[in-house]
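Here's a quick briefing on a few residues worth a look in the viewer.

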Amino acid sequence: MSEKKVSIQDYIKNKVKPVFDQLIARIVIEKPEDVYSWSIGWLQKQQSGVQVQQHAHHDLSEEDEDEEEVVLEIKQQQKQQTRTAVSAEVYGDYNKKEDFKPRFIQKSEAQIERIKKRILNSFMFQALDEKDLNIVLGAMDEKKFQVGDVVIKQGDDGNELYVIDEGRLECYKKFTGLEEEKLLKTYIPGESFGELALLYNAPRAATIKAIEEVTTFALDRETFNNIVKFSAIKKREQMEEILSKIELLQSMDNYERVQLCDVLKEEKHKAGETIITEGEIGDRIYLIIEGELEAYWKGSSEKVYDYKPGDYFGELALLKNTPRQATVTAKTDVVLLYCDFNSFRRLMGPLEEVLKRNVERYEKYLQQ
């Protein structure tokens, strides 16, 4: 390839493409009637530095986060077009279980039990039958990392997902216009990461660094694609659709919702059953997917609240560190998702402010 051609490609990649990715993202978000005039105005603002000043703030606006999501989606689509071999492997005629020969890494019974305990905490693996679960257990590879090690790096191709057995890691994401990476969350034992690149055949969405000595179990792309991927995608899409309907979670971006999927558990109750009881110690917050519930104060003498799909309850024990303030029973058959308080604080800490603002719906009862 000639030096001139390489120079042109570098120029397009480093100078032209970032501008047009961002422009397209803003067009998709804003949906202007006159795309030409709007684009000219946007480009002029970029040239004058208005957008740069906006990005100089430490906190990202909701618009910035929307833009980041759209840009990431554009990059994912572009990446998919250039990775036809992998796409064919995942989606094409070659993706046949009968032709797949999974890797097998010898392990002790103790290791197998440790891995099994960890991966069954993740929704991705919960739908596997015994045969497929054993294939995944055999393919898992124990990997250790030291403090400061970068396990995955934003923008890189992904070939493995990781389930944490011991130690903690931090997740950082670099946003356009900001020099510093933003800390998104801390991973703890039992959680998994790195699956997004495998699920959606996309570059790594964030950087994960070890902050302690870490032991993980890694699953390779081929085993994931052939055994886990399609059931995981279906389950994740179902969960994301459900979570998008919960009012409390509207301020979360897609990446945060994806992380939440891993810690939520489903629970079903028949009409008339009691979910939480006044005076007991509570350690869960509930999200309502289907059905209606009622909250009563002082036994069953006074109704506090009627709950419907999209509502949540159980948050008072979290916010006030007190026993349950009311008894909640199912008015109809209900489907709930629940999350323990520790996971809620770790993944959704900023939402505590939303919860505090909404406590006013019970205020007249709490003051009595």
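**Ser-39 and the annotated pair**

Ser-39 is buried, with a relative accessible area of 11%. Keep in mind that this is a predicted model.

**Ser-39**
- You'll find Ser-39 in helix H2, which spans residues 35–48.
- Its relative accessible area of 11% puts Ser-39 in the buried class, because the cut-off for that is under 20%.
- The side chain of Ser-39 gets to the backbone oxygen of Val-35, at 2.7 Å.
- Setting aside neighbours within four places in sequence, Ser-39 is in contact with Leu-23 and Ile-27.

**Glu-315**
- Look for Glu-315 in helix H12, residues 315–320.
- Glu-315 is buried too, with a relative accessible area of 1%.

**Arg-324**
- Arg-324 sits in the loop between H12 and strand E15 (327–330).
- With 6% relative accessibility, Arg-324 counts as buried.
- Its side chain reaches over to the backbone oxygen of Arg-284, at 2.9 Å.
- Arg-284 also turns up among the contacts of Arg-324 beyond four places in sequence, and so do Glu-278, Glu-280 and Asp-283.
- That list of Arg-324 contacts also has Tyr-286, Ala-317 and Phe-341, among others.

Methods:
Residues numbered from 1 in each chain as written. Predicted model: local features only at pLDDT ≥ 70, side-chain atom pairs only at ≥ 80, totals over all residues. Heavy atoms only, no water. Helix = DSSP H or I, 4+ residues; strand = E, 2+ residues; numbered from the N terminus. Buried < 20%, exposed > 50% of the residue type's maximum accessible area, 1.4 Å probe, protein only. Polar contact = N/O pair within 3.5 Å; in protein donor to acceptor, adjacent residues only side chain to side chain. Contact = heavy atoms within 4.5 Å.
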